[in-house]
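User: Can you walk me through this one? I have a few quick questions.
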Amino acid sequence: MSDLHIRRALLSDIGTVLRFWRDAAEGTSISDDQDGVARLITRDPEALLLAERDGLLTGTVIAGFDGWRCSAYRLAVHPDHRRQGIATALLEAAEQRFAALGGRRVDAMVLEANEQAHHTWAAGGYQREDRWRRWVKPI
């Protein structure tokens, strides 16, 4: 895995990231657009982590911390690069970021129907929290 490079996203990466998510991520979000990702990077320049191999984007994770909770979103690995340790490396990088910021627990957003993702998160030591449900309202 020494040829894998993990770095923070830049504003210049937004178009590439949005195209990548269309191919690699399950589902879409109301924030999956130029403005939404730009706001994320501008507000927290270290939050969107990119995994690259030979200059090619192979994976992403958003590692957000609001001072209270650590939240992981958009863990995605391109289908051609899965099962190569990229998700594990991204989660480790996110967890290192959280620990450096003083975080104590990571909440991960995982689609209910994405069984493959369930296995990935479980392999990373995450457990499903059945006592809670997510409530949302677009604004």
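User: Which residues does Asp-13 touch, not counting residues up to four places away in sequence?
Analyst: This is a predicted model. In it, Asp-13 touches Arg-7, Arg-8 and Leu-50, with residues up to four places away in sequence not counted.

User: Where does Asp-13 lie?
Analyst: In a loop. That loop runs between β1 (4-8) and α1 (14-24).

User: And is Asp-13 buried or exposed?
Analyst: Buried. The relative accessible area of Asp-13 is 12%, and the cut-off for buried is under 20%.

User: Which backbone nitrogen does the side chain of Asp-13 reach?
Analyst: The one of Leu-10, at 2.7 Å.

User: On to α1. Which residues of α1 are buried?
Analyst: Ile-14, Val-17, Leu-18, Phe-20, Trp-21 and Ala-24. They cover an arc of only 160 degrees around the axis, so they sit on the same side of α1.

User: Why would residues spaced like that point the same way?
Analyst: An α-helix has 3.6 residues a turn, so residues three or four places apart point the same way.

User: What's on the face of α1 turned away from the buried side?
Analyst: The exposed residues Arg-22 and Asp-23.

User: What covers the buried residues of α1?
Analyst: The cover includes α2, β2, β3 and β4 (70-77).

User: Now the largest nonpolar core. Which residues touch the most other members?
Analyst: Trp-21, Val-37 and Leu-48, out of 15 residues in that core. At least two residues of the core come from each of α1, α2 (34-43), β2 (48-53) and β3 (56-65). The largest share is from α1, with six residues.

User: What does Leu-48 touch?
Analyst: Leaving out residues up to four places away in sequence, the list includes Val-17, Trp-21, Val-37, Leu-40 and Ile-41. Thr-60, Val-61 and Ile-62 are also among the residues Leu-48 touches.

User: How many residues are in the second core?
Analyst: There are 14, and this core is separate. Leu-4, Leu-49, Ala-63 and Phe-98 are among them.

User: Change of topic. Where is His-119?
Analyst: In helix α4, residues 115-123.

User: Buried or exposed, His-119?
Analyst: Exposed. Its relative accessible area is 57%, and exposed means over 50%.

User: Last one. How far apart are His-119 and Arg-83 in sequence and in space?
Analyst: They are 36 residues apart in sequence. In space, His-119 and Arg-83 are 11 Å apart, C-alpha to C-alpha.

Definitions and conventions
Residues are numbered from 1 along each chain as its sequence is written. This is a predicted model: local features need pLDDT of at least 70, side-chain atom pairs count only at pLDDT 80 or more; totals for chains, interfaces and linings use all residues. Side-chain values use heavy atoms; hydrogens and water are left out. Helices (H or I, at least four residues) and strands (E, at least two) are DSSP runs, numbered from the N terminus. Buried means under 20% relative accessible area, exposed over 50%, partly exposed in between (1.4 Å probe, protein chains only). A polar contact is a pair of N or O atoms within 3.5 Å; within protein, one must be able to donate a hydrogen and the other to accept it, and residues adjacent in sequence count only if both atoms are side-chain atoms. Contact means heavy atoms within 4.5 Å. A nonpolar core is a set of buried Ala, Val, Leu, Ile, Met, Phe, Trp, Tyr and Cys residues joined through side-chain atoms within 4.5 Å. The arc is that of the directions from the helix axis to the C-beta atoms.
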